[in-house]
Amino acid sequence: MSDPNTNRPGYKETKVGWIPEEWEAKQLGKTITLKRGYDLPHSDRTAGKIPVVSSAGCIAHHNIAKCSPPGIVTGRYGSIGEVHFINEEYWPLNTTLYGQDFHGNHPMFLYHLLSAFNFKQFSDKTGVPGVNRNDLHRELVRRPPLSEQKKIAEILSTCDEAIEKTSQLIEAKQRQKKALMQQLLTGKKRLPGFEGEWIDTKLGEICERVTRKNIKNCQNNLTISGPLGLINQEEYFKKRIASKDVSGYFLLYKGEFAYNKSYCKGYPLGAIKMLHRYNEGVVSTLYICFRLKPKSANPDFIRHFFESSEFNHELYAIAQEGARNHGLLNVAPNDFFNTRLTLPSQKEQQAISQIMENAQSEVSTLQQKLASLRQQKKALMQKLLTGQVRVKH
């Protein structure tokens, strides 16, 4: 890709590309000194208020502090690439690199500079990911004057504030949705105009198992993700996981369900998802697949019910984790379809489903906004940190 600053008036050519005349190409180690973190002392690990910072951010709080603010922490070993700005006393773990000596540069500018840095280019791809700080220190970076650093930091920090506020709104909306699910999907709270007892029934009375084999050779190989549901494996993992021959897999059609009997984040007893993203797809025969019997229940109500935690007590009663199954639960199909749930009338199911759909729509709108804000910040960082776009200072 060509350098957009090439031969622009007021720019000069350097080893890091074309940069504004006032900027410098400096080694990272002369811009910020990175040091290796520390083991927590065995003598004092009392819980307290001092954050212990790993490559993933704050993981615990203790009564001991090693460093004073401000500080910048990133992963040295294992998980690399995340960068954290710490504005309080903290303890950087030995799996991190941390910086406090900024060589006269603006700390928040350096945080954004490192956030855009490709740490993984220095990682050992043959083993556990790790970076060598001496290699990092030798890497050349673009360094604007301090006054411009401050302005760039202000602009990008404003982007971060918008991202953080949107993230907090999403969390609040998700909590509200969860509370609605717990109330409406169990009958603890009834909608106006609806009365009468809910009916206790077996899952097998409203559903039937799907064991249709993939004789049509569908190549849309699916996996179950907690947040995303049934999604194409290559889209999710960025590589093919399924075997080349998927003729023995189960073929699912849109509106049918699959139960992944293994733990995933947020789903300790496995996730049950309805196929809605594609018209059809195939899944491993380790999944329990099923569809609703005609006119037995509202599909969206059942989908939201499975998203709640209300079905977990039924799964817990029939699930046994095999020692050799790496978290795969030994849930037999017969036991699964003998589980029970309590349903309102289909009219009430539809009304509850609409409320849940509205709540999810609010969450989805905010998630799209968050993705857009992150993309905007990424594009802005590319332009500001290379000098392609200048700021008044």
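Colleagues, please keep in mind that the model is predicted. The protein contains nine helices and 21 strands. Its C-alpha trace spans about 75 × 55 × 50 Å along the principal axes. The radius of gyration is 27 Å, whereas a compact globule of 393 residues would have one near 21 Å.

Of the 393 residues, 44% are buried. Among contacts with a separation of 6 or more, 71% join residues 24 or more positions apart. The accessible surface amounts to about 21,500 Å², and carbon and sulfur atoms account for 48% of that surface. As for charge, there are 55 positive and 39 negative side chains, and the centres of these two sets lie 3 Å apart.

I now come to the aromatic residues, for which the count is 16 aromatic pairs. One of them is the edge-to-face pair of Tyr38 and Trp91, with 6.2 Å from centre to centre and 70° between the planes. Tyr38 lies in the loop between β4 and β5 and Trp91 in strand β9, so this pair ties together parts that are 53 residues apart in sequence. Tyr38 is partly exposed at 26% relative accessible area, while Trp91 is buried at 7%.

Phe85 and Tyr111 also form an edge-to-face pair, at 6.0 Å and 65°. Here strand β8, which holds Phe85, is tied to helix α1, which holds Tyr111, across 26 residues of sequence. Phe85 is partly exposed, and Tyr111 is buried, with a relative accessible area of 15%.

Finally, ring pairs link a cluster that includes Phe257, Tyr259, Phe290 and Phe337.

Notes: Residues are numbered from 1 along each chain as its sequence is written. This is a predicted model: local features need pLDDT of at least 70, side-chain atom pairs count only at pLDDT 80 or more; totals for chains, interfaces and linings use all residues. Side-chain values use heavy atoms; hydrogens and water are left out. Helices (H or I, at least four residues) and strands (E, at least two) are DSSP runs, numbered from the N terminus. The radius of gyration is taken over C-alpha atoms; the globule rule is 2.2 Å times the number of residues to the power 0.38. Buried means under 20% relative accessible area, exposed over 50%, partly exposed in between (1.4 Å probe, protein chains only). Contact means heavy atoms within 4.5 Å. Accessible areas come from the Shrake-Rupley method with a 1.4 Å probe; for residues, only the protein chains shown count as cover. Lys and Arg count as positive and Asp and Glu as negative; His and the chain ends are not counted. The place of a charge is taken as NZ of Lys, CZ of Arg, CG of Asp or CD of Glu. Rings of Phe, Tyr and Trp (its six-membered ring) pair if their centres lie within 6.5 Å; planes under 30 degrees apart count as stacked, over 60 as edge-to-face and the rest as tilted.
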